[in-house]
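Work through the exercises below with the model open. Try each task before reading its solution.

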Amino acid sequence: MKKIIVTGASGQIGSELVPALRSRYGADNVWACGHKRPPPRQLLQAGPYLNLDIRDSAALDQVIADHKIDTIFHLAALLSAVAEEKPQLAWEINMGGLINVLETARRHNCAVFHPSSIGAFGPTTPPDLTPQVTIQRPNTIYGVTKVAGELLCDYYFSRFRVDSRGVRFPGLISYKTPPGGGTTDYAVEIFRAAVQHKPYTCFLKKGTVLDMMYMEDAINAAITLMEADSGQLSTRNAFNITAMSFAPEELFNEIRKHLPDVTIDYEIDPIRQAIADSWPNRLDDSEARRQWGWQPKYTLATMTSAMIAGLTQHNQENN
Ligand code: AKB
């Protein structure tokens, strides 16, 4: 990897992936591309930034050609809850954007990282220690685009030798940029309320167990997979990865160890609850561990400490 673009750079993953890539490969070799959301100041100041709508294939192709890009981290996508509100737009962005990226990668010989998600599974998937290869019949538009995306990336590898790679991310927990429109977002919102000593109303019910991961582990996963020797990989686009798995009340109890005055109540959002109920409780990520050495660093306890420390400092700096 020498010349990289990151689409969706202003989003939750992009705003932490871009600085990590810049410190590894040089700030001038990493182009952050975003659309709509105003770019975080540090992305603009610390290296090149381009305004790009991923649905515009000609503009994308031009960027890749102009800057001699060899690697695309394609993060631009709608998340599960917002996709359910706008299914057609979700298809346009999630699938239209991906095929534009794969086509330009084919023409310019680029490697592609494209994240899938636990959302690629559905209610008939085995929920516990969900195998990497198993039933995938999601009942959300987000899940449909994730399964189709996994297959499309595999197709571009087998048909055109595009070096496409990807993981199925669980809910991602971070404090630098808030997520937008996901079903697992409660696991970030609760921290933001807790450090401000505000009560939190959770939109998922007690007992809703989902896979989760601290952002630092997610960033390491993306970079490690893209740096892995291709010969090591017998799977490419749909590695199960996870770091922890918990229900809202377990996270609340962990936060309460640090902030005893935190409170929670529950007001269920039926749409997001139905999405969460269709997803697994805990993935089996042994293939990622075996093929490219995946190993998360953060547990529920260490993630909670890191989130509280990070958010507290972030709030002090921004007030
Ligand atoms: C979402 O909740 O939509 C995402 C995901 C698990 O893919 N965080």
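**Exercise 1. Two helices**

At roughly what angle do the axes of H5 and helix H6 (residues 141–160) cross, and within what distance do they come? The model is a predicted one.

Solution. 
- Step 1. Take the axes: H5 and H6 come within 10 Å of each other and cross at roughly 15 degrees.
- Step 2. Classify the angle. Angles under 35 degrees count as roughly parallel. H5 and H6 are therefore roughly parallel to each other.
- Step 3. Assign the hand: H5 and H6 cross in the right-handed sense.
- Step 4. List the contact. H5 contributes Pro 87, Ala 90, Trp 91, Asn 94, Met 95, Leu 98, Ile 99, Leu 102, Glu 103 and Arg 106. From H6 come Ile 141, Tyr 142, Val 144, Thr 145, Ala 148, Gly 149, Leu 152, Cys 153, Tyr 156 and Phe 160.
- Step 5. Sort the contact of H5 with H6 by class: 15 residues are nonpolar, 3 polar and 2 charged.

**Exercise 2. Another partner for H5**

Describe how helix H3 (residues 57–66) packs on helix H5 (residues 87–108).

Solution. 
- Step 1. The axes of H3 and H5 lie 10 Å apart, at an angle of about 35 degrees.
- Step 2. The crossing of H3 over H5 is right-handed.
- Step 3. On the H3 side, the contact holds Ser 57, Leu 60, Asp 61, Ile 64 and Ala 65. On the H5 side, it holds Asn 100, Val 101, Thr 104, Arg 107 and His 108.
- Step 4. Sorted by class, the contact of H3 with H5 has 4 nonpolar, 4 polar and 2 charged residues.

**Exercise 3. A sheet of three strands**

Give the strand order of the open sheet that contains S10, S12 and S14. Then place a helix against these strands.

Solution. 
- Step 1. The order is S10-S12-S14, and the pairing is mixed.
- Step 2. Strand S10 (171–173) and strand S14 (244–246) are the edges, each pairing on one side only.
- Step 3. Neighbouring strands of this sheet are turned by 40 degrees against each other on average, direction ignored.
- Step 4. Strand S12 (residues 210–214) pairs with S14 over 3 bridges in the antiparallel sense. Met 212 has Met 244 in S14 as its bridge partner.
- Step 5. Helix H7 (residues 186–195) lies across S10, S12 and S14. H7 runs at about 25 degrees to S10.

**Exercise 4. Strand S2**

Is strand S2 (residues 30–34) largely enclosed or open?

Solution. 
- Step 1. Of the 5 residues of S2, 5 are buried, so the strand is largely enclosed by the rest of the structure.
- Step 2. Side chains in a regular strand alternate between the two faces of the sheet.
- Step 3. Check each face of S2. Val 30, Ala 32 and Gly 34 are buried on one side, and Trp 31 and Cys 33 are buried on the other.
- Step 4. Ile 5 stands opposite Trp 31.

**Exercise 5. Two single residues**

Are Ile 241 and Ser 80 buried or exposed?

Solution. 
- Step 1. Ile 241 sits in the loop between strand S13 (239–240) and S14. Its relative accessibility is 0%, so Ile 241 counts as buried.
- Step 2. Beyond neighbours within four places in sequence, Ile 241 is in contact with residues including Phe 169, Met 213, Leu 283 and Trp 292.
- Step 3. Ser 80 belongs to helix H4 (residues 80–85). Ser 80 is buried, at 1% relative accessible area.
- Step 4. Beyond neighbours within four places in sequence, the contacts of Ser 80 include Tyr 142, Thr 183 and Trp 279.

Methods
Residues are numbered from 1 along each chain as its sequence is written. This is a predicted model: local features need pLDDT of at least 70, side-chain atom pairs count only at pLDDT 80 or more; totals for chains, interfaces and linings use all residues. Side-chain values use heavy atoms; hydrogens and water are left out. Two strands pair if DSSP finds at least two bridges between them. Helices (H or I, at least four residues) and strands (E, at least two) are DSSP runs, numbered from the N terminus. Axes are lines fitted to C-alpha atoms, for helices over the stretch in contact, and angles run from 0 to 180 degrees between N-to-C directions. Contact means heavy atoms within 4.5 Å. A crossing is left-handed if the near helix is turned anticlockwise from the far one by less than a right angle, and right-handed if clockwise. Ala, Val, Leu, Ile, Met, Phe, Trp, Tyr, Cys and Pro count as nonpolar, Asp, Glu, Lys and Arg as charged, and the others, Gly among them, as polar. Angles under 35 degrees count as roughly parallel, over 145 as roughly antiparallel, 65 to 115 as roughly perpendicular and the rest as oblique. Buried means under 20% relative accessible area, exposed over 50%, partly exposed in between (1.4 Å probe, protein chains only).
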